[in-house]
Amino acid sequence: MSLENKIMDQMKEAMKSKNQIALEALRAIKSEILLLKTSGTNQEVSDSQEIALLQKLIKQRKEAAEQFSANGRTELAEKEIAQANVIQDFLPAQLSEEELEAKLKEIISKSGASSPADMGKVMGMASSELAGKAEGKMIAETVKRLLNS
């Protein structure tokens, strides 16, 4: 079942249960998928594009929540976090810190990286191999820590 079909099914459920937060998050995903489809490429949306789209939406909501929290608007921050959690359910299972570290050690040994100067090489490989399985920021922090040790 495609992401778009899953979204439509979930939207129906959210409407039936009158879950406004889930409905808003699902509508945002649907909107982004439509924008991607009509961007003029005349191609089907690939799995990697869908994952990148979902990650972008989650990142936007987390950043908005941080801004709302910083300005004392906790009710709006909670709403953004709840929407990010709804969107998160459509991503593949995320790697734990231990699993991520093990995978990155494997990638570092494959690439022959030995110093922080090789971070770009490792990040390129890690980003493609771990797409959707871990947040980019977390990957970068772990790579930096492993290369500095």
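Tutor: A140 sits in helix α7, which covers residues 136-148. Helices here are DSSP runs of H or I with at least four residues, strands are runs of E with at least two, and both are numbered from the N terminus. A140 has 23% relative accessibility, so it counts as partly exposed; that class lies between buried (under 20% relative accessible area) and exposed (over 50%), using a 1.4 Å probe and protein chains only. Leaving out residues up to four places away in sequence, A140 touches M119 and M123, where contact means heavy atoms within 4.5 Å. A140 and M119 are 21 residues apart along the chain, and their C-alpha atoms are separated by 8.4 Å.

Before going further, a word on what you're looking at. This is a predicted model, with residues numbered from 1 along each chain as its sequence is written. Local features need pLDDT of at least 70 and side-chain atom pairs count only at pLDDT 80 or more, while totals for chains, interfaces and linings use all residues, and side-chain values use heavy atoms, with hydrogens and water left out.

pLDDT is the predictor's confidence in each residue, on a scale from 0 to 100. The chain averages 86, and 97% of the residues score at least 70. Where pLDDT is low, the predicted coordinates should not be read in detail.

S111 has a relative accessible area of 14%, so it is buried. Its contacts, again skipping residues up to four places away in sequence, are K121, V122 and M125.

Now for the helix pairs. Helix α1 (residues 3-16) and helix α2 (residues 20-37) pack at about 150°, with axes 9 Å apart. The axes are lines fitted to C-alpha atoms, for helices over the stretch in contact, and the angles run from 0 to 180 degrees between N-to-C directions. That's why α1 and α2 are roughly antiparallel; the classes are roughly parallel under 35 degrees, roughly antiparallel over 145, roughly perpendicular from 65 to 115, and oblique for the rest. Their crossing is left-handed, meaning the near helix is turned anticlockwise from the far one by less than a right angle, with clockwise giving right-handed. Residues making the contact include L3, I7 and M11 of α1 and L23, L26 and I33 of α2. By class, it has 12 nonpolar, 1 polar and 4 charged residues. Nonpolar covers Ala, Val, Leu, Ile, Met, Phe, Trp, Tyr, Cys and Pro, charged covers Asp, Glu, Lys and Arg, and the others, Gly among them, are polar.

Helix α2 also packs on α4, at an angle of about 60° with the axes 9 Å apart. The pair is therefore oblique, and this crossing is right-handed. Among the residues in contact are I21, A25 and I29 of α2 and A82, V86 and I87 of α4. The class count is 8 nonpolar, 1 polar and 2 charged residues.

Zooming out, the chain has 7 helices and 0 strands. Its C-alpha atoms fill a box of roughly 55 × 45 × 25 Å along the principal axes. Of the 149 residues, 32% count as buried. Among contacts with a separation of 6 or more, 60% join residues 24 or more positions apart.
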